[in-house]
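Load the model in your viewer and keep the selection panel open. The stops below each say what to select and what is found there.

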Amino acid sequence: MSEARRLATEPRRRPKQERSRERIDAILSTTMRLIGEKGIDAVTMKEVGALAGGPIATVYHYFPNKSAILAMLYERFAEESRARFGAIIAGIRGVDDVTSAADRLLDDYYNRVAADPAIQDLQNAIQADKALQNLDIAETRQQAKMFCDHVGPMLEPERRDAFGRVVFLIFQLAGGVVRLALTQDEAESRRTIDDYRSIIHTQLRLFI
């Protein structure tokens, strides 16, 4: 990512004092609520500032643009995702647990996104913005590494690199599959998720 693009998605200031943290939390929670109500494209910095309880200048004090707000929202979503992810993979005690853990990861992600329209819209916006898309890919790499660091030692050493590549692809493609499923009716959505689950099982069986 270029330096200019990276800076465009970073906050101007990271909060250090409690008052600043509360102000940023208000901006983020307001933005997320508005996203859920009207979609990202309709949300403006001015409206966020007004509904978050302060002037627009306060929003720009912390964030240079809307993309920077979305980046921090995504960062927080990713932090919670890693915590949930870690709790699931901690239950993998041997290779027999790998497939069921992958099922739980897919179902947890799908259910979490399906339950919150704001998360759905945030995910779509991430894919539409190249700088934010790079954040998503980096997060996928981190989660794939977490999974492989836990499962890799259970595999033959010469198979670990290939396993890592397949896991990264599975994780990255999961976002697109879930976004597709959420555009479908309930029956088709379930078939889409189950078909992808079958693909995951097939790929994992090549290694475990």
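Select H5 and H8: the two helices are roughly parallel to each other, because angles under 35 degrees count as roughly parallel, over 145 as roughly antiparallel, 65 to 115 as roughly perpendicular and the rest as oblique. They pack at an angle of about 15°, with axes 11 Å apart. Axes here are lines fitted to C-alpha atoms, for helices over the stretch in contact, and angles run from 0 to 180 degrees between N-to-C directions.

The model is predicted: local features need pLDDT of at least 70, side-chain atom pairs count only at pLDDT 80 or more, and totals for chains, interfaces and linings use all residues. Residues are numbered from 1 along each chain as its sequence is written, and side-chain values use heavy atoms, with hydrogens and water left out.

Now show side chains on this pair. On H5, the residues that meet H8 include Leu 70, Tyr 74, Phe 85 and Ile 89; on H8, the partners include Leu 135, Gln 143, Met 146 and Phe 147. Contact means heavy atoms within 4.5 Å. The residues of this contact divide into 10 nonpolar, six polar and three charged (Ala, Val, Leu, Ile, Met, Phe, Trp, Tyr, Cys and Pro count as nonpolar, Asp, Glu, Lys and Arg as charged, and the others, Gly among them, as polar).

Next, select H6 and H10. Their axes are 10 Å apart and the packing angle is about 150°, which makes H6 roughly antiparallel to H10. H6 passes H10 in a right-handed crossing. H6 contributes residues including Val 98, Asp 103, Leu 106 and Tyr 110, and H10 residues including Arg 190, Ile 193, Arg 197 and Leu 204. This contact of H6 with H10 has eight nonpolar, three polar and four charged residues.

From H6 come Leu 105, Tyr 109, Tyr 110 and Val 113; from H9 come Phe 171, Ala 174, Gly 175, Val 178 and Ala 181. By class, the contact of H6 with H9 has eight nonpolar, one polar and no charged residues.

Which residues lie nearest the centre of the largest pocket? Select Phe 85, Tyr 109, Gln 143, Phe 171 and Ala 174, which are among its 28 lining residues. On a 1 Å grid over the protein atoms alone, a pocket is an open set of points where a 1.4 Å probe fits, with protein on both sides within 12 Å along at least five of seven lines; lining residues have an atom within 4 Å of a point. The space in the largest pocket is about 540 Å³. H5, H6, H7, H8, H9 and H10 each supply at least two residues of its lining, and H9 gives the most, with seven. The lining divides into 15 nonpolar, seven polar and six charged residues.

Finally, show the whole protein as a cartoon: there are 10 helices and zero strands. Helices (H or I, at least four residues) and strands (E, at least two) are DSSP runs, numbered from the N terminus. The C-alpha atoms fill a box of roughly 55 × 40 × 30 Å, taken along the principal axes.

Definitions and conventions
Grid points are joined across faces, edges and corners, and a volume is the space filled by probe spheres set on the points. A crossing is left-handed if the near helix is turned anticlockwise from the far one by less than a right angle, and right-handed if clockwise.
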